[in-house]
Amino acid sequence: MTATLDAPVDTAIPQPGDIARRWLAGFGAALERGDVRGAAQHFLVDGWWRDLLSFTWDLHTTHGRADIESRLADSVPVHEPRHLVLSPAHPAEAVADPEGDWIQAFFTFETTLARSRGFVRLRRDDDGEWRAWTLISAMEEIKGHEEKKGHRRVQGTNHGAHRGKINWLDRRTVKGEFETEQPAVVIVGAGQGGLALAARLGQLGVDTLLVERNDRIGDSWRKRYHSLVLHDPVWYDHLPYLNFPDHWPVFTPKDKLANWFEFYADAMELNVWTGTEFTGGSYDDATGEWTVTVARDDGSTRTLHPRHVVLATGMSGVPNIPRIAGADTFEGTIEHSSWFVGGREMQGKKALVVGCCNSGHDIAQELNEQGADVTILQRSSTYVMSSKHGIPGLFGGVYEEGGPAVQDADLIFASLPYPLLAGIHAGATEAIAEKDAEMLDGLRKAGFKVDFGEDGSGLFMKYLRRGGGYYIDVGASELIASGEVTVKQGTEIDHFTPDGVVFADGTEMPVDVVVLATGYKNMRESARKFLGDAVADRCQDVWGLDDEGELRTVWRRSGHPGFWFMAGNLHQSRHYSKYLAFQIKAQEEGLQPIR
């Protein structure tokens with residue numbers, strides 16, 4: 001398998017729908033009679049099962065038939081899965097692959113508390129039987145607490161006792177101020193993660209307040225550097241419930257995205273207090289309630305008592321700013337990439353950008369366009385792929401123009417457990433590198449050190465494991481290869497002088513501006529900043545893969561009751577906000593314990 005997901009094609013497999021139906025009938029029958037060993041026999045010996053809440057109320061990856069049987073034994077008696085049915089809207093499909101063809105199919109099922117979807121890939125075993133190579137089970141709705149959409153949508157009329165004196169706007173104004181009621185959830189940060197989660201919770205009937213320190217929703221993007229454009233394509237970036245319009249550009253400019261966020265919050269009727277600083281809080285273990293304070297833009301202070309606090313300030317939270325000797329003597333400008341806005345006169349100035357991920361490259365490119373003499377300091381190595389070849393190579397067949405509906409694409413993409421995805425993406429990374437050969441050769445000749453990830457798996461696994469270490473090229477690589485942006489490789493800044501820097505290798509460089517594209521501290525440190533050691537010390541580190549290959553802590557229990565982390569790119573915010581919202585809703589309804 002040489003790409004993330006090859007498009008379904010005709011193969012020598014006859015009647016894939018019948019094969020999938022027989023497999024699902026056998027698997028479902030075993031589950032319904034509680035025969036976990038029999039159910040596990042429907043997997044390959046080295047098969048994979050990823051569960052998003054349906055069986056485990058957590059995000060879990062299980063590998064190997066023996067471990068799958070063990071997990072089924074723990075969960076089947078509790079959740080009682082039943083009514084497994086192939087999706088009539090998604091006919092089973094056969095997929096050709098040099099390493100072995102497979103059949104893939106969507107299905108639905110129920111448990112005691114929920115309705116769910118699944119997606120399975122079947123491969124022929126050595127004995128000729130079709131068994132699951134990968135299977136994902138994902139919660140879609142909690143029974144009795146369904147979203148009010150479709151035939152459940154509200155009427156919108158307001159007749160009766162008040163004779164229309166209180167209209168929709170009146171209700172929204174009262175609701176948004178929380179003068180007489182307390183929000184069940186306070187979300188800190190109204191970026192993509194906070195907005196997506198608030199929208200999900202709103203549709204589940206959970207009273208939610210977003211607090212945003214900026215003056216406007218979307219300012220976290222507006223205030224970034226002048227030329228910033230998203231590196232991911234539009235069909236990968238939709239928010240829940242409202243897709244971008246069909247005329248939207250493939251790569252979204254930052255200010256256009258910021259304006260969309262404002263529109264989204266209004267359309268989804270989200271309660272957002274802008275210009276509001278979250279100033280701290282404490283948790284009462286006995287009552288299961290927070291006491292948090294916020295400072296509003298009118299100078300007032302409010303004390304709130306939610307049952308849940310969600311930190312949605314993103315992985316880009318507390319800047320990682322290295323302490324470098326002599327910084328206080330430097331007569332030029334030192335700023336972190338998160339403060340860099342660009343759009344200023346740099347003609348003839350010497351600039352040094354420390355760091356070679358997306359932000360470092362983008363800032364180097366912008367400084368060059370502003371007329372600066374730019375050097376980029378690469379301390380280790382970087383994975384680089386072009387947007388032209390890399391995006392189709394990784395997401396083709398799933399997230400692309402005319403591809404599957406976004407809710408289907410999300411399930412397909414999530415159905416590949418991350419440890420398995422590493423091997424698959426190694427092939428895709430190699431194929432992308434062949435197409436990018438000229439660009440990569442130019443980088444190497446310029447002294448830029450290229451890598452392909454610790455196991456050759458490239459971009460996405462670097463993102464999951466480290467949250468960085470890569471660049472999706474949109475122009476800076478050509479500047480480096482041509483020498484317009486020079487490279488200083490394999491060293492660090494040892495100390496500043498009044499007019500420049502001295503590197504650890506003993507060389508010196510005069511410089512006027514230093515931009516530290518050095519990333520951010522673990523999101524757990526954002527919790528420490530907002531809520532102190534008492535909360536942060538009970539939490540686990542955020543991001544990076546755990547022993548199962550799932551992301552640690554984010555969208556899951558944090559280790560502290562009533563406290564959650566929400567982070568990720570637009571795609572992850574859209575998809576995983578669903579599962580975090582379900583967990584909060586389940587706790588609110590007494591379906592799951594708080595601890």
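**Exercise 1.** In what order do the five strands of the open sheet stand, and is their pairing parallel or antiparallel?

*Solution.* The model is predicted; local features need pLDDT of at least 70, side-chain atom pairs count only at pLDDT 80 or more, and totals for chains, interfaces and linings use all residues. Residues are numbered from 1 along each chain as its sequence is written, and side-chain values use heavy atoms, without hydrogens and water.

Step 1. Strands are DSSP runs (E, at least two residues) numbered from the N terminus, and two of them pair if DSSP finds at least two bridges between them. The order is E10-E9-E8-E14-E25, with parallel pairing.

Step 2. Strand E10 (272–273) and strand E25 (563–565) are at the edges; each has a single partner strand, so one side of each lacks a neighbour in the sheet.

Step 3. E25 is joined to E14 (residues 308–311) by three bridges, and valine 309 has phenylalanine 563 in E25 as its bridge partner.

**Exercise 2.** Describe the interface of domain 2 and domain 3.

*Solution.* Step 1. By an automatic or database domain assignment, domain 2 covers 170–317 + 521–589 and domain 3 covers 324–520.

Step 2. About 2700 Å² is buried between the two domains, 58% of it on carbon and sulfur atoms; buried area is the accessible area (1.4 Å probe) lost on being put together, summed over both parts. In domain 2, Tyr225, His231 and Trp235 lose the most area to domain 3, together 27% of what that side buries.

Step 3. The rule finds one salt bridge across this interface (a side-chain nitrogen of Lys or Arg within 4 Å of a carboxyl oxygen of Asp or Glu). Arginine 574 and aspartate 410 meet in a salt bridge at 2.7 Å, N to O.

Key. Helix = DSSP H or I, 4+ residues; strand = E, 2+ residues; numbered from the N terminus.
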